[in-house]
Amino acid sequence: MAGSSHGHTPAAWTGVTIAFIGFCVAGAFMVMDQPVGFWAGMVVVLLGGVVGGIMRMMGMGQPKDLHQPHEMTGDREPARAEG
């Protein structure tokens with residue numbers, strides 16, 4: 001993934017940050033045995049995905065045609081010896 005700059009966009013960082021905050025909130029309320037707070041945190045997790053998707057549609061994500069797909073081992077032609 002490092003060769004494709006996967007996730008290095010404002011849309012990805014924002015969505016993941018919001019989802020992480022929601023995960024932390026849900027985890028804290030789960031430990032405190034507060035179901036309403038847990039579900040509120042889970043809503044924030046889902047909100048992170050929605051916000052990231054909206055930002056991607058607004059052009060803040062990585063374009064799909066930026067990089068060529070990675071080659072798989074079976075797709076390569078055998079190396080030829082030059083002589």
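**Close-up views of a predicted two-helix contact**

**View 1. Helices H1 and H2 are roughly antiparallel to each other.** In this predicted model, the axes of helix H1, residues 10-31, and helix H2, residues 35-60, come within 7 Å and cross at roughly 180°. Because angles over 145 degrees count as roughly antiparallel, the crossing at roughly 180° places the pair H1 and H2 in that class. Sorted by class, the residues in the contact of H1 with H2 comprise 17 nonpolar, 7 polar and 1 charged.

**View 2. Asp-33 lies in the loop between H1 and H2.** The phi angle of Asp-33 is near 55°, which is a positive value in a residue other than glycine. Asp-33 has a relative accessibility of 61% and therefore counts as exposed, the cut-off for that class being over 50%.

**View 3. Gly-15 of helix H1 is shown with Ile-54 of helix H2.** Gly-15 and Ile-54 are 39 residues apart along the chain, and their C-alpha atoms are separated by 9.6 Å. Gly-15 counts as buried because its relative accessibility is 8%, and buried means under 20% relative accessible area. Ile-54, by contrast, has a relative accessibility of 42% and so counts as partly exposed.

**View 4. A nonpolar patch on the surface includes Ile-54.** The patch is formed by Leu-47, Val-50, Ile-54, Met-57, Met-58 and Met-60, which together have about 610 Å² of accessible area.

View 5. The C-alpha atoms of Leu-46 and Phe-23 are separated by 9.8 Å, the two residues being 23 residues apart along the chain. With a relative accessible area of 64%, Leu-46 is exposed, since this class requires a value over 50%.

Note on methods: Residues are numbered from 1 along each chain as its sequence is written. This is a predicted model: local features need pLDDT of at least 70, side-chain atom pairs count only at pLDDT 80 or more; totals for chains, interfaces and linings use all residues. Side-chain values use heavy atoms; hydrogens and water are left out. Axes are lines fitted to C-alpha atoms, for helices over the stretch in contact, and angles run from 0 to 180 degrees between N-to-C directions. Helices (H or I, at least four residues) and strands (E, at least two) are DSSP runs, numbered from the N terminus. Angles under 35 degrees count as roughly parallel, over 145 as roughly antiparallel, 65 to 115 as roughly perpendicular and the rest as oblique. Ala, Val, Leu, Ile, Met, Phe, Trp, Tyr, Cys and Pro count as nonpolar, Asp, Glu, Lys and Arg as charged, and the others, Gly among them, as polar. Patches are made of residues with over 30% relative accessible area and no salt bridge: like charges are joined within 9 Å, nonpolar side chains (Val, Leu, Ile, Met, Phe, Trp, Tyr) within 5 Å. Accessible areas come from the Shrake-Rupley method with a 1.4 Å probe; for residues, only the protein chains shown count as cover. A salt bridge is a side-chain nitrogen of Lys or Arg within 4 Å of a carboxyl oxygen of Asp or Glu. Buried means under 20% relative accessible area, exposed over 50%, partly exposed in between (1.4 Å probe, protein chains only).
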